[in-house]
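Please look over the sequence and the structure below before reading the notes that follow.

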Amino acid sequence: LLLRLSFEQHRIHAVPLEFLSALVGGRLAFFLIVGFHTAVLSGLLGFCPAFFIWLERKVSARIQDRLGPTRVGGRFGWAQSLADGIKLIQKEDLAPAASDRAMFQIAPYIVVAAAFSSLMVLPFTRGVVAVPSELGAFLILAILSPGVVGVVLAGYASGSKWSLFGAMREAAQMVSYEIPLALAMLVPLLTVGSLDFMQVVELQAGFAGMQWLVFANPFNFLAFIVFLTVSLASVKRAPFDLAEAESELVAGFLTEYSGIRWSYFFLAEYTHMFTVSAIAVLLFLGGWWTGLGIETWLDPVGPGDGWSVVTLLLAFLGLGVFLLKCSLLVILQMLIRWTLPRLRIDQVMTTCLKYLLPISCVLLLGAATWPLVLASLTGRTTLIGPPLGDTIKRPAAQLRAKLKPDIPAVVNSRAHELAPQTLQVGGVR
Amino acid sequence: MGSLQIEAILFYILASIAVGGALAVVLSQHVVRMAAGLVVCLGAVAGLFMLLHADFLGAAQLMIYVGGTIVILIFGVMLTSGALVGRVNASPGEMLGALGLGGLFFALMVFTVGAVDWEAVAARQPISPRDADLALDRLQTSETSNDNQAQAKADRAQTLAERSAGRSTRPLGISLLGMRHETDKLAGGKVTAGTGYLLPFEIISMHLLVVLIGAAYLARAKQKVKPNEQLTMTGGYSHGH
């Protein structure tokens with residue numbers, strides 16, 4: 001399976017690359033492709049925050065029985081973020097006299113770089129990802145983690161007590177919340193037996209969302225709730241916005257920032273919100289699948305063997321569905337922010353270390369034993385729907401069988417025997 | 001080819017960033033700046049790993065070392081927060097010792113790098129991931145592959161494709177469980193089960209757990225110091241071993 005999916009990924013890249021190579025030459029085609037990916041992702045880095053900041057203004061206004069922005073750019077004030085952006089760029093770029101100037105100026109870039117790079121490994125629709133990686137889920141965690149360095153540096157370099165307090169809180173929060181975040185992500189990954197986002201989502205195709213990993217077993221469902229909670233903390237939004245805490249710390253680590261550098265932090269925050277929601281969608285909510293099963297019915301092959309018109313249309317449909325699901329989760333984050341009061345720092349730490357951490361450990365153990373227990377009791381590895389492994393196609397094994405016809409394919413492939421999902425698939429059928 | 005040149009350019013960029021970060025660590029006298037330099041250096045090294053298609057190693061480098069540096073940063077800030085400029089002034093003796101240690105380490109590195117037969121290494125990984133995949137594709141499409149030579153070719157192409165495309169996670173996971181890919185290859189493809197990397201990994205994590213518990217105990221015992229309690233602490237520590 002791995003072999004085939006990776007083939008698919010490379011073909012997807014190879015198709016436009018080969019086309020362009022024939023047109024303009026190899027080197028230029030390579031740069032064009034890379035430039036296109038970069039442009040799209042930077043566009044997303046700009047568009048995501050602009051849209052979500054506008055949305056947040058509207059959502060918070062509605063919750064507080066206000067109208068929010070109504071004038072800039074027509075009835076709904078949709079150009080408000082654009083106006084904000086122009087205002088922020090015009091502002092003077094200040095640094096306090098007590099600050100560590102170089103560090104103060106570098107810090108926002110670290111935060112933005114982490115948020116931006118995380119978009120690289122996110123697949124946006126079937127077969128479309130800037131950097132296909134076998135360990136996407138691990139990689140995205142690893143890419144997001146240095147963002148905290150920027151916040152701590154910002155807080156320290158500002159030379160202000162408010163900022164320092166905010167940064168220290170952020171550091172303490174991040175160091176502890178990273179563990180339940182990773183564990184909650186591990187639970188669905190364990191069900192699938194892969195770290196590759198492409199593959200994780202590929203297995204969630206099917207009718208009525210039954211194959212979505214939230215519904216795969218009760219532990220996944222609980223892990224989804226844990227993940228949502230922890231992801232709120234990891235994007236430092238209320239009720240976990242201790243690092244900024246307007247009512248206590250002025251603006252926390254942001255206190256001394258102004259103008260464009262200040263807005264970089266917000267670019268990063270809203271992009272981070274999107275990224276975290278995207279991870280939740282990919283790992284739990286079926287990624288780009290509508291949950292109606294029409295995609296596999298219309299196009300059973302997928303984009304692996306080159307793009308057809310149907311595949312292309314379905315890819316756009318998938319993109320829309322994916323972005324819609326992500327936006328819904330972002331709206332959920334907004335609703336939570338404008339509904340719940342902020343926790344105290346000791347409550348934040350208690351929530352994480354005394355509750356979320358043990359809960360996620362138990363969920364991990366449960367998810368590991370669930371298919372085995374279920375198999376021994378009922379003879380199947382899943383309660384509803386076909387076993388997850390049934391949707392796996394095995395061209396790798398077929399390829400081997402073709403290359404070495406005298407040896408049975410299953411015996412021949414060692415990786416196959418050891419793969420976690422084959423334990424579920426091969427064990428009980 | 002073009003891709004090789006691009007890789008070379010990327011290598012030089014990342015390498016110079018890493019060296020710049022390392023120089024910032026050594027030359028700066030400011031704890032926080034040192035930590036920031038360390039982050040830059042370690043991040044660039046992670047980039048180098050990625051460039052060498054060792055993406056698991058790269059991700060782990062980012063996760064563990066950059067994360068670890070955050071902790072250093074926090075300690076740096078907390079321990080020097082009295083005066084916001086925590087300067088580190090080394091005495092001449094310390095400088096001499098550091099120079100000596102650095103020189104020894106440099107000699108060790110030179111010796112280690114010199115001991116590797118780079119020509120053989122370069123010959124072992126000659127192709128880019130794309131070429132490897134193309135080779136695999138060609139093998140896949142060619143139907144006439146029944147003889148041993150073709151099998152060996154297919155295996156080699158697959159290994160190369162896996163290695164060059166950075167698909168190191170699966171072999172790593174399997175090695176962790178005791179099936180060592182590379183030793184099996186040397187033994188003529190025979191599958192042998194051993195302890196793999198799991199046992200050393202567990203031993204290390206047990207040590208870390210012991211250290212963690214010890215640190216937590218030390219931090220707690222500071223409040224109410226009793227000599228017997230400290231004795232129990234050391235007892236617990238050695239017992240953990």
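B:I9 counts as exposed because its relative accessibility is 51%, where exposed means over 50% relative accessible area, buried under 20%, and partly exposed in between, using a 1.4 Å probe and protein chains only. This is a predicted model, in which local features need pLDDT of at least 70 and side-chain atom pairs count only at pLDDT 80 or more, while totals for chains, interfaces and linings use all residues. Residues are numbered from 1 along each chain as its sequence is written, chains are lettered from A and ligands numbered from 1 in the order in which they are written, and side-chain values use heavy atoms, with hydrogens and water left out.

**Surface of chain B**
- B:I9 sits in helix α1 of chain B, where helices are DSSP runs (H or I, at least four residues) numbered from the N terminus.
- Together with B:L10, B:I13, B:I17 and B:V40, B:I9 makes up a nonpolar patch on the surface, with about 400 Å² of accessible area in total.
- Such a patch joins nonpolar side chains (Val, Leu, Ile, Met, Phe, Trp, Tyr) within 5 Å, taken from residues with over 30% relative accessible area and no salt bridge, a salt bridge being a side-chain nitrogen of Lys or Arg within 4 Å of a carboxyl oxygen of Asp or Glu.
- Helix α1 (residues 2–27) of chain B supplies the largest share of this patch, four residues.

**Confidence**
- The mean pLDDT (the predictor's confidence in each residue, from 0 to 100) of chain B is 71, and 56% of its residues reach 70 or more.
- Among the elements of chain B, the lowest mean pLDDT, 45, belongs to helix α11 (residues 227–240), and the highest, 89, to helix α4 (residues 92–115).
- For the complex, the predictor gives an ipTM of 0.71 and a pTM of 0.76.

**A helix of chain A**

- Most residues other than glycine have a negative phi.
- A:D65 has a positive phi, near 60°, and is exposed, with a relative accessible area of 72%.
- A:K236 also has a positive phi, near 45°, but is buried, with a relative accessible area of 10%.

Note on methods. Patch = residues over 30% accessible without salt bridge, like charges linked within 9 Å, V, L, I, M, F, W, Y side chains within 5 Å. Areas by Shrake-Rupley, 256 points an atom, 1.4 Å probe, with all protein chains shown as cover. Helix = DSSP H or I, 4+ residues; strand = E, 2+ residues; numbered from the N terminus.
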